[in-house]
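Hi,

Have a look at it first, then read on.

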Amino acid sequence: MKLKNLALQSGLKLTAKSWLILNSKTGEILSSQQEHERREIASITKVMTAYTAIQIISNLHINVTESKIETPCEAAALKGTRAELSEGDVLSVLDMLHAMLLPSGNDAAYALAEYFGLVLLEVELKSQYKMVDPVQVFIYEMNKSAKA
């Protein structure tokens, strides 16, 4: 029986438009849905956002449960896949990472980028960056990580 049918019978809700499950030892595809369809790379960008945020967290010893992020209006207004954050919502860094990665929340990704961009502008020498917009500072750092 296909894994999708098992998931549906067990009450799991599959929302991904395309997916693939394979046996990592044999490479055998166990189940899939629209695995050859072209998709936007938004989720890859969110993975890089998480990676860059985790690097900053590690380097600056940020406490992910005590440090809080307030959702900016720009994040709350974003379209696409969302964590349904409203302007002013306050989440821990850890919860904001979850809000970005689990529902693929564009709103949470923006809030994280702004927060960590501000952290970098405060901690690093501001002259290191040619820009002052915290989101652009974060994107700059994310691109550096991607090229490394």
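K144 and E141 sit 3 residues apart in helix α6 (residues 134-147), about one turn of the helix. Helices here are DSSP runs of H or I with at least four residues, strands are runs of E with at least two, and both are numbered from the N terminus. The two side chains join in a salt bridge, 3.4 Å from N to O; the term asks for a side-chain nitrogen of Lys or Arg within 4 Å of a carboxyl oxygen of Asp or Glu. K144 is partly exposed at 38% relative accessible area, while E141 is buried at 14%. Buried means under 20%, exposed over 50%, and partly exposed in between, with a 1.4 Å probe and protein chains only.

Before going on, please note that this is a predicted model: local features need pLDDT of at least 70, side-chain atom pairs count only at pLDDT 80 or more, and totals for chains, interfaces and linings use all residues. Residues are numbered from 1 along each chain as its sequence is written, and side-chain values use heavy atoms, with hydrogens and water left out.

The structure has 3 salt bridges. R82 pairs with D107, with the closest N and O atoms 3.6 Å apart. That pair links distant parts of the chain, 25 residues apart: R82 is in the loop between α3 (73-76) and β4 (90-92), and D107 is in helix α5 (residues 106-123). R82 also forms a salt bridge with E84, at 3.9 Å between the closest N and O atoms. E84 is exposed at 59% relative accessibility, whereas D107 is buried at 0%. Through shared partners, R82, E84 and D107 form one network.

Now to the helices. α5 and α6 pack at about 90 degrees with their axes 7 Å apart; axes are lines fitted to C-alpha atoms, for helices over the stretch in contact, and angles run from 0 to 180 degrees between N-to-C directions. Among the residues that meet are F116 and L120 in α5 and V137 and F138 in α6, where contact means heavy atoms within 4.5 Å.

Finally, there is 1 aromatic pair. The ring centres of Y115 and F116 are 4.9 Å apart and the planes lie at 85 degrees, so the pair is edge-to-face (centres within 6.5 Å, planes over 60 degrees apart). Y115 is buried at 19% relative accessible area, and F116 is buried at 0%.

Best wishes

Technical notes. Phe/Tyr/Trp six-rings, centres within 6.5 Å; stacked < 30°, edge-to-face > 60°.
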